[in-house]
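Here's a walk through the fold, sheet and core of this one. Have the viewer open as you read.

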Amino acid sequence: WPSFASVVAPGAVRVEKNAFEMLTGAPYYCSVCGGRIGERFLDGAKYPGTPAARTGQSYLANGAALVFSPADGTADRVGDAPSKLAEQQRAVSDKFKESGGLWRMQDGGLRPI
């Protein structure tokens, strides 16, 4: 499970806070599609000298929820999934960025507000 100290952009994920998040973490989800990405822990102080220590948080991400863009320019990969899924996720991500990140559910799909 890759770990990050913060999210890429404000509003990119939705954290489902709970009373036990110090112990079990709080699940976090993609703000665009609602898919579960991983867990956020408030344990950054346990890792002195790291970005997590500065934010006080660590976001553990399921590798299958990530899009990998190889430096050699070959096709993107989503975890171990075929690159067709990576293309679909990239298209959703691009639309999300173009819209300023404001989407809503409508007619069975996500639409910019």
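In β5, F4 has Y59 as its bridge partner. That contact belongs to a pairing of β1 with β5, which run antiparallel and are joined by two bridges; strands count as paired here if DSSP finds at least two bridges between them. Strands themselves are DSSP runs (E, at least two residues), helices are runs of H or I with at least four residues, and both are numbered from the N terminus.

A word on the ground rules: this is a predicted model, local features need pLDDT of at least 70, side-chain atom pairs count only at pLDDT 80 or more, and totals for chains, interfaces and linings use all residues. Residues are numbered from 1 along each chain as its sequence is written, and side-chain values use heavy atoms, with hydrogens and water left out.

## The overall layout

The protein has three helices and nine strands, and along the sequence they follow the pattern β-β-α-β-β-α-β-β-β-α-β-β. Of its 113 residues, 27% count as buried, where buried means under 20% relative accessible area, exposed means over 50%, and partly exposed is in between (1.4 Å probe, protein chains only).

The accessible surface comes to about 7500 Å², with 58% of that belonging to carbon and sulfur atoms; the areas come from the Shrake-Rupley method with a 1.4 Å probe, and for residues only the protein chains shown count as cover. As for contacts (heavy atoms within 4.5 Å), 27% of those between residues at least 6 apart in sequence join residues at least 24 apart.

## The five-stranded sheet

Five strands make an open sheet in the order β1-β5-β4-β3-β2, with antiparallel pairing. β1 (3–4) and β2 (13–15) stand at the edges with a single partner strand each, so one side of each is left without a neighbour in the sheet.

Then there's β4 (residues 36–41): five of its six residues are buried, so the strand is largely enclosed by the rest of the structure. β4 pairs with β3 (residues 26–30) in the antiparallel sense over four bridges, and Y29 stands opposite R36 in β4. The two strands form a hairpin with five residues between them, and G34 in the turn has a positive phi of about 85°. β4 is also joined to β5 (residues 58–61) by four bridges, again antiparallel.

## The core and its tyrosines

Which residues make up the largest nonpolar core? The seven are Y28, C30, V32, I37, Y59, A61 and L66; a nonpolar core is a set of buried Ala, Val, Leu, Ile, Met, Phe, Trp, Tyr and Cys residues joined through side-chain atoms within 4.5 Å. The elements giving two or more residues to this core are β3 and β5. I37 sits in strand β4 and is buried, with a relative accessible area of 16%. The C-alpha atoms of I37 and P27 are 7.6 Å apart, although ten residues separate them along the chain.

Now for the rings: Phe, Tyr and Trp (its six-membered ring) pair if their centres lie within 6.5 Å, with planes under 30 degrees apart counted as stacked, over 60 as edge-to-face and the rest as tilted. That rule gives one aromatic pair. Y28 and Y59 form it, edge-to-face, at 5.0 Å centre to centre and with 90° between the planes. The pair links distant parts of the chain, with Y28 in β3 and Y59 in β5, 31 residues apart. Both tyrosines are buried. Leaving aside neighbours within four places in sequence, Y28 has contacts that include V13, V15, I37, G38, Y59 and A61.

Q57 lies in the loop between α2 (51–55) and β5. Its side chain makes a polar contact of 3.0 Å with the side chain of Y59. A polar contact is a pair of N or O atoms within 3.5 Å; within protein, one must be able to donate a hydrogen and the other to accept it, and residues adjacent in sequence count only if both atoms are side-chain atoms. Not counting residues up to four places away in sequence, Q57 touches several others, among them F4, F41, L42 and A52.
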